[in-house]
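Good morning, colleagues, and thank you for joining this group meeting.

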Amino acid sequence: MKKFEFSRYLLVCRKQFVEDWRRQVGFTAVMAILLFFIFWIVNWQINIMMSYDETNSAVSEGSVVFFSWYKIIMFVAVTVLAIAYQSAHSMPFMKTKTSQIAHIVLPATTLEKYFAAETFAFVFSVIEAVVAFFIADALQYALTGHFTLTEVSSTSLIDVLRNFGLTMDSDYSVIISLSVCVIVASLFFHSAWFTFCATLFRKHPFLFGMLILWGVNQVLSIFVSTVSFNFLSVIITPLENMTHTETMLYFKEILYGLIFGQLAVAIGFWIWSYFRMKKVEL
């Protein structure tokens with residue numbers, strides 16, 4: 001049984017869902033409550049902005065749309081957190097000898113088991129986050145009359161930024177699109193990193209994974225602040241002498257670097273975690 005078979009892969013996915021569906025329903029409910037709480041705070045900010053801008057209906061509408069897009073950003077943040085948590089707990093069979101034996105005797109290849117675990121951690125997390133978003137959005141509409149999807153679709157993000165005084169052109173549209181790609185790449189990076197943590201730490205993989213990311217971020221912050229003068233002269237100062245076209249190209253190159261960098265690191269962690277998982281079966 002060395003060849004990957006899609007039917008066996010689906011059976012492993014079904015097995016994981018049947019064994020874990022109650023926890024997943026509870027996890028979705030927790031995300032819905034968290035999103036609703038965030039939406040409630042944002043709606044409170046919207047009401048304050050509209051009370052200040054009663055004499056300017058255009059500004060009031062812009063504030064509503066701006067904060068509605070902020071809700072989308074919060075939804076993405078919760079999705080990243082959900083993917084990280086689920087990925088960190090995607091391989092419970094790595095924790096004890098008993099669970100490892102049960103994992104080994106499962107009639108499927110290592111690759112099928114691995115893809116099933118990743119599907120459950122990544123795809124199901126996104127689906128659960130979307131379901132939680134619609135539940136939270138429906139609740140906030142019932143209580144406040146604000147419906148995020150309607151408010152967001154009423155105008156584009158570019159129009160919102162233009163209303164706030166930014167001169168928008170096709171280059172800015174490309175940068176916004178690339179920024180979205182950076183966010184998507186970040187989802188893959190977090191999934192891969194916390195999947196690796198699931199194979200690295202037998203206890204509390206999510207907690208240790210978060211602590212390591214926080215520590216790396218602190219080290220990078222100290223490094224940047226220590227060499228701030230050189231950093232500013234190399235990164236920021238050249239912008240003063242650049243044309244608009246050169247500046248846009250400069251930022252596009254940075255965004256492309258972030259996208260491909262995160263994807264490359266994610267692929268590395270996925271491959272590494274696969275071989276650590278395979279080592280259990282040897």
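One term is needed at the outset: a residue is called buried when its relative accessible area is under 20%, exposed when that area is over 50%, and partly exposed in between. The model on display is a predicted one.

I shall begin with the overall layout. The chain contains ten helices and zero strands, and its pattern along the sequence reads α-α-α-α-α-α-α-α-α-α. Of its 282 residues, 38% count as buried. If we consider contacts between residues at least 6 apart in sequence, 78% of them join residues at least 24 apart.

Let me turn to the interior. In soluble globular proteins, nonpolar side chains tend to be buried together. Here, the largest nonpolar core has 17 residues, and the members that touch the most others are Met31, Leu35, Ile38 and Phe39. Which elements give two or more residues to this core? They are helix 1, helix 2, which spans 57–88, and helix 4. Helix 1 makes the greatest contribution, with eight residues. Isoleucine 38, for its part, touches Met74 and Val78, when residues up to four places away in sequence are not counted. Apart from this core lies another, of eleven residues, including Ala88, Phe194, Ala266 and Phe269.

Leucine 213 lies in helix 8 and counts as partly exposed, because its relative accessibility is 23%. Leaving aside residues up to four places away in sequence, leucine 213 touches Phe189, His190, Trp193 and Phe194. Between the C-alpha atoms of leucine 213 and tryptophan 193 the separation is 9.4 Å, although the two are 20 residues apart along the chain.

I now come to the charged side chains. Side chains of opposite charge can pair when their charged atoms come close. In this model the count comes to four salt bridges. Glu5, Arg8 and Glu112 are linked in a network of such bridges. What does the second pairing tie together? Glutamate 112 lies in helix 4 and arginine 8 in helix 1, so the bridge ties together parts that are 104 residues apart in sequence.

Glutamate 5, at 36%, counts as partly exposed.

A further salt bridge joins the side chains of aspartate 20 and arginine 23, at 3.0 Å from N to O. These two residues are three apart in helix 1, so about one helical turn separates them. Arginine 23 counts as partly exposed because its relative accessibility is 34%.

Next, the surface. Phe4, Phe6, Leu10, Leu111 and Phe115 make a nonpolar patch of about 450 Å². Helix 1, spanning 6–52, and helix 4, spanning 110–144, each supply at least two residues of the patch. One of its members, phenylalanine 115, lies in helix 4 and is partly exposed, with a relative accessible area of 40%.

A brief word on the cysteines. A disulfide is a covalent bond between the sulfur atoms of two cysteines. How many disulfides does a search of the whole structure find? The search finds zero. Cysteine 13 is buried, with a relative accessible area of 11%, whereas cysteine 181 is partly exposed, at 38%.

Finally, I would draw attention to a point of backbone geometry. Most residues other than glycine have a negative phi. Histidine 204, however, has a phi near 55 degrees, a positive value in a residue other than glycine. Where is histidine 204 found? It sits in the loop between helix 7, which covers 170–200, and helix 8, which covers 205–226. Is this residue buried or exposed? Histidine 204 counts as exposed, because its relative accessibility is 52% and the cut-off for that class is over 50%.

Technical notes: Residues are numbered from 1 along each chain as its sequence is written. This is a predicted model: local features need pLDDT of at least 70, side-chain atom pairs count only at pLDDT 80 or more; totals for chains, interfaces and linings use all residues. Side-chain values use heavy atoms; hydrogens and water are left out. Helices (H or I, at least four residues) and strands (E, at least two) are DSSP runs, numbered from the N terminus. Buried means under 20% relative accessible area, exposed over 50%, partly exposed in between (1.4 Å probe, protein chains only). Patches are made of residues with over 30% relative accessible area and no salt bridge: like charges are joined within 9 Å, nonpolar side chains (Val, Leu, Ile, Met, Phe, Trp, Tyr) within 5 Å. Accessible areas come from the Shrake-Rupley method with a 1.4 Å probe; for residues, only the protein chains shown count as cover. Contact means heavy atoms within 4.5 Å. A nonpolar core is a set of buried Ala, Val, Leu, Ile, Met, Phe, Trp, Tyr and Cys residues joined through side-chain atoms within 4.5 Å. A disulfide is a pair of cysteine sulfur atoms within 2.5 Å.
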